[in-house]
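Have the model open as you read.

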Amino acid sequence: MAWLRARKSRWCLPTWAALALAACLAVPAGLGRLGGTALELPGSSSARAAALVARGMPQLGTEQLVLAFNSPSLHSDEEPYRDAVAATARAVAATPGVGRVLTVPDVPQLDPHHTYLLFGARGDAAARQRLLPVWRTAADRAAGTASDGRVTVALTGATPLLAALRDADLRDLRYVEALTVPAALLLLVVGLGSVGSALVPVLAAGLGVLVSAASLIALTLLIPVDSMALTVATTVGFGLGLDYTLLLLLHYRRHREQGLAPCAAGDHAAATAGRAVLWCAAAVGVTSAALLTVPLGIVRTMGLAAGISTVVATAVATTALPAALPRLDRWLAWGRVRRERPRHGRWERWADRLMRRPWPYLLGAVAVLALAAMPAGQLRPGLRVDRTAIARTAAGAGFTRLERDGLADVTVFALPHPAGADPVDTTALVDALRADPRISTVGALDNGRDLTVVTVADRLPVDSPASRRLVRGMRSLAPRTLPPGQPVFTGGPAATLADFLGAVRALLWQVGALALAGSLLVMLVAFRSLLVPLKALVMNALSTAAAFGLLAWVTRHTADTVNLGVPLLALTIVFGLSLDYEIFLVHRITDHYRADGDCRRAVASGLGETARPITLAAATMAVVFAGLMATHRQDFRQAGFLVATAVLLDVTLIRLVVVPTLMRLLGHRNWWLPRPLHRLLPPLTTATGLPPQRPAPPVPTAATSSVHPQGDPA
C-alpha cells in the first residue's frame, strides 16, 4: 500500500484543494435542488391509485394540493372573501402545471373564517418542487389584491410540507454545525493538549463534509436526493472524519516522540493507523450498503449519503492527512494548554485491574446493559408529520387548519373499468362510508371512459394510528360493497404512509441481517478469527439494544412513536461506528498477541495503547450527534439521542470493560479459526495491516499452567 505514504503525495494536497474549491462553489448553488422526503412505495396500492388517477383524470394531476384561506375579520360568505377565492382560483389555474381547481365541500365543523380549494398538480416530484414558488406567489398576490390584504391563503399538501421540512432542515443543519464544531474543538483541545493539534481533525473532517455534500448535490442530477440525506452525510461524515483523523494524528505524534523525522512519522502513521482506518471504513461501508437493498428512495439515499461520507472521510484521512502532517508539524504544539503526561499509565493500571479480576467487571457491565435494554420491547416505530418543525410556515398553518376543520386527510379509491362501460356502481360503498362518524364527506365521479374515482375526507390526523386503522377498514370494506371482481386501489396521504410503514417494518429484519453478515465477513478477513467477529456482533447488538431501551424510556414521556428512519440508522450507522472502536482495539491486541503469543499481556497492552484515542474519538462523536438534539425535527432529535447514547455506552462499557475481559477469559481461543475457513480466507500479509499470523501456542492445561503462569486456564 505504497499510496499511503507521505512522500508519495506531490499531487495529493493540490487535488484536495481543487476539490474543496469546487465544493465551495457547488454546495451553495445546488442546495435548492434538494427535495423533500418522498414516501411513495413503488408497486403499492397507493402508488397504483395515484398513477391511475394521473392517467385517467389528468385534470386532478399526480398530486392534489389545497389552498387554505383564512381571514380574521371576514366570513367566507362575505363578498370580499368570495372575490378573493375566485380571483385566486383563476390566478392559480393560469399557472403552468395546474389541472382543475375544485371547491372543497363544506363540513359541519368548518370554521366560518375558513374555506378551501383543491387543485391538481401535474408533473413528477421534481417538477412540482420547481413550480411550487410560482403557485404560491400567484395565490398570495391574487388573494391579497382582491381583498385588500384581509384574506390570506396558504398552499398545503405533501409537496409544500416537504419543502417546508427541507428549509427547516437546512436551517437546523447550519445551527447544529455552529453548535457542535466549537464544542468538538474545545473537547479536542483538552484531549490533545494544544489548539494546533485540535484544529487538524476539525479541518480535515470539515473538508470531508464539504466534499461529501458536493457529491450528494451532484447526485441530484441523476436521482432525487432529499434534505435528510444531507443531514446524514454531514453528521456521519463529520463524526467519522474526526474519528479517523484523530487516530492518524495520535499515531503521528507518537512516532514523532519516538524520534522519527516528520515524513517518516507520516509514513509510519499511514502504514499502521491508515490500514486500521481502511478496515473500519469497510465495516461502516458494508453496513451502510445494507440500506441500498431496500426498494425505497428515501432509505436508499440515506444509505448513499452514509456511504459517500464514509468513503470521503477515509480518503481524507489516508491521503490528505499523511501528506499534510509533516508540513504542519511545527504548528501542532501551537496554543499548548497543558504539558504532556505519561501516555498510558492510567489506562495500563485500568487494564491490569481488569486482567486480575475479569468476572466482576464483565458481569457488572453486562447487567447494566441488560437493564438499559429492557424497555426496548416497548419501542413504537412509526411515521409522523413533524408539526413542530413546520409550525411557523404557511404550509404548516394551512395543514393545521385542515385538521381542525375535519379535513385532515383525503383518501382516493381508483376503480378502473372497461373502456366504454358504465361507471362503477359505488352506491353501497358511498353509503357505508357516509355512515362512518370519522368521515367528513364522500364524493364520486367518473371520467366518462375507463375510471371511476371515490374521494373520502376524514377527520383523523394523517399520521395517527387511528388513520391507519381507518385505511385498513376502508380497504376491507371496498371489496364487500363494490361489484364482484371490481379492481380497487386505495391512495392518498394516509394510504401512502400506511404502505410505506408496512414495507419498512417488513424490511427491518432484512437490513439487520445484511448488516450483521457484512460485518462478520469484514472482521473474518481482518482478524482470521471466528470468535472475535461473533463476540463483536453480540456486543454491538447488546449496546444497540441498550440505546434503544433508553430511547424507548425517554420517548414514553415525549412522543408516541419513534420515526422508522431511526431504527434503520441504528441497524447500519450505529452498528458500523461500534465496529470502528472494535477494530481499533482488537487490531492492537491482535498485533501484540501475534508478536509473543501471550493473550493476557496482549489484551492489557492493546487496551492501554488504544483507550485514549477510543475515548477521545467517542466523546467527539457523541458531541457531534448530540447536536442533533438541538434541532426542531423530532426524528433528528431521536437519532441524535440514540447515536450519542449508543456511542457512549459502547466505549465505556463494551470496549473498555466487556471486550477486554471476554478476550482475557477466552484466552487463545479468541483466534480460533475452523480449518475450512482457514483455507478459504486470504492469508494475512503486511498489506492487511496486521502482522503475519504465527501459530498460536497450545491452550495451557492444569499440568502446564504452573509452567506458563501468564497463560489462561483451559
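## Ground rules

A residue is called buried under 20% relative accessible area, exposed over 50%, and partly exposed in between, using a 1.4 Å probe and protein chains only. This is a predicted model, where local features need pLDDT of at least 70, side-chain atom pairs count only at pLDDT 80 or more, and totals for chains, interfaces and linings use all residues. Residues are numbered from 1 along each chain as its sequence is written, and side-chain values use heavy atoms, with hydrogens and water left out.

## Salt bridges

The whole structure has 16 salt bridges (a side-chain nitrogen of Lys or Arg within 4 Å of a carboxyl oxygen of Asp or Glu). One of them links R601 and D596, with the closest N and O atoms 3.8 Å apart. R601 is partly exposed because its relative accessibility is 39%, and D596 is partly exposed too, at 37%.

Now try D635 and R633, whose closest N and O atoms are 2.7 Å apart. D635 is buried at 8%, and R633 is buried at 5%. Shared partners also tie K535, E582, D650 and R655 into one salt-bridge network.

## The sheet

Four strands make an open, antiparallel sheet in the order β2-β3-β1-β4. Strands here are DSSP E runs of at least two residues, helices are H or I runs of at least four, and both are numbered from the N terminus; two strands pair if DSSP finds at least two bridges between them. Four bridges join β2 to β3 (residues 114-121), and V101 sits opposite F119 in β3.
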